[in-house]
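Please keep the sequence and the model in view while reading.

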Amino acid sequence: MTDAKGDVVLEVRELQTHFFLRRGVVKAVDGVSFTLRRGEVLGLVGESGCGKSLTALSIMRLLPKGGARTIHGQVLLNGDDILTRTPGEMREIRGRKISMILQDPQTSLNPVFTIGDQLREAIFRRSGARNRDVVREAIDALRRVDISAPEQRIGQFPHQMSGGMKQRVVGAISISGHPEVLIADEPTTALDVTIQLQYLKLLQRLQQETGMAILFITHDFGVVARMCDRVAVMYAGRIVECGPVAEVFANPSHPYTQALIASVPKMTGNTRRLYTIEGQPPSLMDLPAGCRFAPRCPHVEERCESAYPPSFTVGREHTADCWRMTAR
Amino acid sequence: MKRYIVYRLLQGVVLLCLVATIVFFLGRLTGNPVDLMLPEDATPADRMAMIKALGLDGSLFQQFTIFVGNASHGDLGNSIRMRQPAVEAFFSRLPNTLAIIPWALLLAMCAGIPLGVIAALNRGNMIDRAAGTVAVLGIAMPSFWLGILLIYVFSVELGWLPSGRMGGPEHYVLPVITLGAFLVAGFMRLVRSSMLEVMESEFVKLARIKGLSESVVIWKHCLRNALIPVLTLWGVFVGNLITGAIVTETVFAWPGVGRLTYEAVIFRDFPLLQAVIILKAILILGINLFVDILYAYVDPRIRLA
Amino acid sequence: MSIPASASPKPASETLRPAIPALAWIARLPGRSRRRRVPWIPICIIAIMVSMALFAPFLAPYSPIDQTLRDKLIPPFWVDGGSVSYILGTDAFGRDMLSRLIYGARVSLIVAALALTAGGGIGLLIGIVAGYFGGAVDNVLMRLVDAAFTFPAILFALLLAVTMGQGLGTLVLAISLLLWASFARVIRGEVLSLKQRDFVALAKVRGCSSARIMLTHILPNVLNTFMVLVTLNIGVVIIAEASLSFLGAGIPPPTPTWGLMVSDGRGRIAEAWWVSLIPGIAITLLVLSVNVFGDWLRDRLDPRLRQL
């Protein structure tokens with residue numbers, strides 16, 4: 001994780017994706033903004049249901065059917081707003097410029113096709129080369145993700161492989177198009193703990209080899225500490241703090257971030273009780289007017305409940321959306 | 001996989017014996033077929049003669065033993081009306097029925113599967129409803145009526161197609177349509193629900209992430225998985241076709257085993273009917289077994305288990 | 001740049017008012033969403049058919065079995081040669097088509113009611129027993145059900161017609177054979193999930209006998225599903241009855257049944273199309289209406305059963 005990064009490859013501005021249901025509108029992603037530079041790994045952290053995955057799907061424009069719509073915002077890929085692209089153009093962009101690794105390896109692969117078939121599909125699209133070359137490329141791709149005996153694996157079916165191996169295959173498929181941006185949606189959550197570390201190391205290596213930018217979605221701060229250069233903390237549909245990992249860990253400014261970091265079980269120090277955050281996240285259909293963390297915040301003040309705080313700069317490239325930051 | 005085949009085979013044999021036994025006892029316990037076959041002025045002597053001729057004398061157990069004994073030699077009795085062994089009559093007509101069944105199945109699939117996919121893609125809106133209505137129409141119209149209607153329109157009024165009997169390709173058209181019509185709904189509904197389930201899968205998302213075109217995603221990735229449950233019902237569908245053929249062959253005077261069944265009913269030819277049912281059971285169970293094996297082969301998760 | 005927000009979906013509005021206020025209660029049946037509009041046309045058709053069945057003697061202009069050979073093969077009134085005295089024409093024996101149609105409705109619906117009660121009842125019983133007791137009992141019964149599904153029961157129905165002779169009893173028995181398996185399977189599924197619920201455990205703790213539990217606790221809870229199954233299978237029964245009649249295995253003549261009427265007209269399709277085609281239209285309309293209504297009812301009462 002070096003300090004000098006390239007220019008901005010992905011910029012998200014005020015992204016809003018809402019679910020329009022009969023009962024009301026669920027504001028799952030409600031004004032998310034961040035930037036991702038070439039070669040860096042940005043972590044997107046938050047608890048379940050805060051809108052992380054949906055942000056990723058909104059960027060890929062793969063929203064689930066049933067009332068979800070991106071109603072506002074811009075997603076600039078190399079300066080080009082992909083939210084305005086036609087479906088045909090999006091298809092070209094997916095796989096080649098932006099790609100994604102899904103969470104559950106058990107269901108990410110089609111059970112009736114060999115993994116060789118599924119890999120070749122991805123490769124063939126890019127090069128349109130001859131079958132022999134495509135097969136060779138597929139074997140190479142498997143080797144790159146540390147799968148042993150790739151020549152045999154090519155003819156195997158997903159159910160013949162372990163979860164960790166399947167997730168590597170998914171990784172191979174996702175990067176086969178040499179994307180500039182890779183979105184990893186909790187790629188290790190469904191893996192065994194012992195395999196998780198291996199997989200993270202694999203991702204790191206791939207990232208260093210290809211120089212792609214990674215948006216790493218997770219709920220695990222430990223993973224963030226290991227993998228990411230910068231981190232964005234998400235709560236109730238919005239990003240509440242964002243900055244370099246070292247800074248945010250050393251100097252968490254938003255009360256939610258502080259609470260999250262405090263919740264990570266520590267091996268040293270006071271280990272008697274696990275710290276938990278009281279209360280529940282707000283219903284995304286019924287959001288308060290002010291700061292959304294206010295009901296659970298130990299430092300809540302009056303102004304917190306009347307208006308949503310803007311982004312305050314609290315350090316080098318480090319922002320937090322908290323009224324208490326005006327003092328600085 | 002081999003264990004699976006053996007297991008299914010055994011199951012089939014057991015089922016067959018069960019069916020044959022049921023047919024045997026059903027026929028003899030629910031009434032005396034003799035009474036229905038004799039003219040009204042038959043004397044008791046005539047009646048005794050008939051009972052003897054049908055082998056209905058002696059205790060039930062004796063009859064059953066004779067029945068099983070004969071059956072193991074391939075003798076399932078003689079048709080009264082046609083005066084020939086029932087098995088012979090059946091197998092001479094079987095090829096004619098087997099000539100139209102695959103076509104009807106093909107027709108039902110060609111109509112039903114695309115309808116199901118289209119309905120699934122347009123879930124909830126007018127197109128979905130329309131496809132559903134078309135399918136339900138296939139079930140609501142009794143096939144005997146559909147056949148007669150088709151004959152009236154295409155044979156009587158327009159004179160384009162013959163009204164019955166076997167012959168060249170033009171003789172096949174109407175019977176195949178009549179036979180396949182009611183299966184269209186079955187295929188459509190099955191494919192629709194199967195597709196809806198599959199379209200939510202994660203691997204479909206991955207296919208889209210790869211940037212594959214929508215038609216490849218739907219027709220290659222989704223449909224292949226959606227068709228697996230359809231395959232399991234093939235056996236049932238073919239069974240439906242074989243029984244549906246009874247009516248269709250009757251309407252179109254098609255000389256197959258369906259028409260044979262009808263004749264056995266109309267002429268109260270009890271031995272023939274009994275034999276036909278058992279033979280059809282063998283046919284249907286055989287096809288089901290074949291389909292189950294095919295399914296085990298097609299789904300890699302089972303084939304390589 | 002902003003992507004304009006599309007309008008959120010509006011709830012479906014009840015735009016049709018029931019023609020007969022007495023039927024307005026249907027629209028107020030309890031149900032989840034008012035998404036699907038009440039299917040008034042199918043309901044009317046069903047109502048008409050039921051009235052035909054109930055009030056046949058008052059509605060039919062002629063006797064359905066009186067033959068007036070003088071007036072044979074008269075076409076419906078809108079065709080050349082037809083007359084208003086025989087609105088739907090007559091058949092080869094000079095019997096009025098409309099009257100036969102009306103009385104035929106009676107037969108169809110009586111057979112349907114009886115067969116659904118018998119076949120559905122047996123299926124209900126077997127389903128409850130299999131689901132409740134589980135284990136070997138369940139195993140054996142479900143194997144039987146599987147066998148029944150694989151092997152088409154129509155053939156047994158035909159056999160019965162030959163051995164027992166034609167008649168209402170034979171027909172009802174035969175059609176029941178077609179139904180029981182699908183009822184049994186679905187009900188068993190329901191019972192399996194009900195079995196886990198607390199009120200069953202409570203009853204067991206209180207020392208209730210199995211029979212009592214099944215009767216007083218399980219049965220009322222599967223009744224909903226049972227009713228939905230009944231409505232979904234009415235169409236099947238009507239078609240089965242018509243097909244068996246057509247094949248000469250149903251209610252014997254001179255009783256008019258729709259299937260028999262179609263069969264009668266088969267030979268003369270060229271010169272007298274109405275004898276065969278009109279009863280078939282009646283069958284199709286009724287089955288279509290029953291299916292649409294049944295689907296709607298199922299959506300209202302228990303959308304979980306959508307996969308049926």
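## Basis of the report

The model is predicted, so local features need pLDDT of at least 70 and side-chain atom pairs count only at pLDDT 80 or more, whereas totals for chains, interfaces and linings use all residues. Residues are numbered from 1 along each chain as its sequence is written, chains are lettered from A and ligands numbered from 1 in the order in which they are written, and side-chain values use heavy atoms, with hydrogens and water left out.

## The fold of chain B

Chain B contains 13 helices and 0 strands. Helices (H or I, at least four residues) and strands (E, at least two) are here DSSP runs, numbered from the N terminus. The C-alpha trace of chain B spans about 85 × 55 × 30 Å along its principal axes.

Of the 305 residues in chain B, 49% are buried. A residue is called buried under 20% relative accessible area, exposed over 50%, and partly exposed in between (1.4 Å probe, protein chains only). A contact means heavy atoms within 4.5 Å. Among the contacts in chain B with a separation of 6 or more, 73% come from residues 24 or more positions apart.

## The interface of chain B and chain C

How many residues does the contact take from chain B and from chain C? Chain B gives 45 residues and chain C gives 40 residues. The area buried between the two chains is about 3,900 Å², and carbon and sulfur atoms give 79% of this area. Buried area is the accessible area (1.4 Å probe) that two parts lose on being put together, summed over both. B:Phe144, B:Trp145 and B:Ile148 supply 16% of the area that chain B buries against chain C, more than any other three residues.

Several helices give two or more residues to the side of chain B that touches chain C, among them helix H1 (2–29), helix H7 (143–157) and helix H10 (214–251) of chain B. The residues on this side divide into 33 nonpolar, 9 polar and 3 charged. In this count Ala, Val, Leu, Ile, Met, Phe, Trp, Tyr, Cys and Pro are nonpolar, Asp, Glu, Lys and Arg are charged, and the others, Gly among them, are polar.

## Aromatic pairs

A search of the whole structure finds 18 aromatic pairs over all chains. Rings of Phe, Tyr and Trp (its six-membered ring) pair if their centres lie within 6.5 Å; planes under 30 degrees apart count as stacked, over 60 as edge-to-face and the rest as tilted. A:Phe221 and A:Phe249 form an edge-to-face pair, at 5.4 Å centre to centre and 85° between the planes. This pair links distant parts of the chain, with A:Phe221 in helix H9 (residues 221–227) and A:Phe249 in helix H10 (residues 245–250) of chain A, 28 residues apart. A:Phe221 counts as buried at 4% relative accessibility, whereas A:Phe249 is partly exposed at 31%.

B:Phe24 and B:Phe25 form another edge-to-face pair, with 5.0 Å centre to centre and 85° between the planes. B:Phe24 is buried, at 0% relative accessible area, while B:Phe25 is partly exposed at 26%. Ring pairs also link A:Tyr235, A:Tyr256 and A:Phe293 into a cluster.

## Salt bridges

The structure holds 34 salt bridges over all chains. A:Arg85 takes part in one with A:Asp80 (2.9 Å, N to O) and in one with A:Glu89, where the closest N and O atoms are 3.3 Å apart. A:Arg85 is partly exposed, with a relative accessible area of 23%; A:Asp80 is partly exposed at 31%, and A:Glu89 is partly exposed at 34%.

A:Glu151 and A:Arg143 also meet in a salt bridge (2.9 Å, N to O). Salt bridges that share partners join A:Arg144, A:Asp146, A:Arg205 and A:Glu209 into one network.

## A buried loop residue

Where does A:Val145 lie? A:Val145 is in the loop between helix H5 (131–144) and helix H6 (150–153) of chain A, and A:Val145 is buried, with a relative accessible area of 1%. Leaving aside neighbours within four places in sequence, A:Val145 is in contact with A:Arg168, A:Ala172, A:Leu202 and A:Leu206.

Key: A salt bridge is a side-chain nitrogen of Lys or Arg within 4 Å of a carboxyl oxygen of Asp or Glu.
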